[in-house]
Amino acid sequence: MRLTRRGRALVVLFILFGVIGVPLLGGTIYLSSIGVTGSSDPGRVVKFDIPEGATTTEVGEILEAEGIIESAFGFRIAAYLEGGTESIQAGRYELPAGLIARDALRRLTESGPIVEFVDVTFPEGSWLEDFARILQRETHIRAKDFLKVLKSGRVKSPLLPAGSNNFEGLL
């Protein structure tokens, strides 16, 4: 059987669709199923923490565990395609559940972590250990971490005598 020119063109188009179109369609469906593409359906707001030094994989796993995104793998793909994961800062975040990976990535990089302010009152005459205990009780700062930072020399004040790291009486 001999095909006409039109018949050959149809066969070539059919083969091209099979070679290019079917995998492309399958890839699109797969990316949608893992939350890389599609549209978000925001739900309840979830609070979560991203620890210092968390990798893209770890951030994706946190988001998946909290129900914010469908798939940690989808988040990694979105991060690869979109870039910008180096702008994700450690800290506490609030995001709605039901986001696609690209939307979650965009919100993490654009908004940054929640900045919380806490009013703390220190009674007059308190010692550094008293400050540390009050901070631990009223905030998320651990007493031993507070004292360690003060004694490390990393905190500077023009009120400190030259060469001194003793904040006793200055706070």
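Guide: Let's start with Ser152, which sits in helix α6. Keep in mind that this is a predicted model. Is Ser152 buried, exposed or partly exposed? Its relative accessible area is 38%, and since buried means under 20% and exposed over 50%, Ser152 counts as partly exposed. Now follow the chain along to Asn166: that is 14 residues away in sequence, and the two C-alpha atoms are 9.8 Å apart.

Helix α6 covers residues 143-152, and helix α5 covers residues 128-138. How do the two meet? Their axes come within 8 Å of each other, crossing at roughly 135°. That angle makes α5 oblique to α6, because only angles over 145 degrees count as roughly antiparallel, and 65 to 115 as roughly perpendicular. As for the handedness, α5 passes α6 in a right-handed crossing.

There are a couple of charged pairs to look for around here. Glu138 and Arg137 join their side chains in a salt bridge, with 3.2 Å from N to O. Glu138 is partly exposed, at 40% relative accessible area, while Arg137 reaches 60% and so counts as exposed. Then there is Asp145, whose side chain meets that of Arg142 in a salt bridge, again given as 3.2 Å from N to O. Asp145 is partly exposed at 31%, and Arg142 is partly exposed too, with 42%.

How many salt bridges are there by this rule? The count is eight. One of them links Arg92 to Asp49, with their closest N and O atoms 2.8 Å apart. Arg92 belongs to strand β2 (residues 91-96) and Asp49 to strand β1 (residues 45-50), so this pair ties together parts that lie 43 residues apart in sequence. Arg92 is partly exposed with a relative accessible area of 28%, and Asp49 is partly exposed with 43%. Elsewhere, Asp103, Arg106 and Glu110 are linked in a network of salt bridges.

Within α2 you can pick out Glu64, which is partly exposed at 38% relative accessible area. From Glu64 to Ser157 it is 93 residues in sequence, and 43 Å in space from C-alpha to C-alpha.

Last stop: helix α1, residues 5-33, where you'll find Val19. With 57% relative accessibility, Val19 counts as exposed.

Definitions and conventions: Residues are numbered from 1 along each chain as its sequence is written. This is a predicted model: local features need pLDDT of at least 70, side-chain atom pairs count only at pLDDT 80 or more; totals for chains, interfaces and linings use all residues. Side-chain values use heavy atoms; hydrogens and water are left out. Helices (H or I, at least four residues) and strands (E, at least two) are DSSP runs, numbered from the N terminus. Buried means under 20% relative accessible area, exposed over 50%, partly exposed in between (1.4 Å probe, protein chains only). Axes are lines fitted to C-alpha atoms, for helices over the stretch in contact, and angles run from 0 to 180 degrees between N-to-C directions. Angles under 35 degrees count as roughly parallel, over 145 as roughly antiparallel, 65 to 115 as roughly perpendicular and the rest as oblique. A crossing is left-handed if the near helix is turned anticlockwise from the far one by less than a right angle, and right-handed if clockwise. A salt bridge is a side-chain nitrogen of Lys or Arg within 4 Å of a carboxyl oxygen of Asp or Glu.
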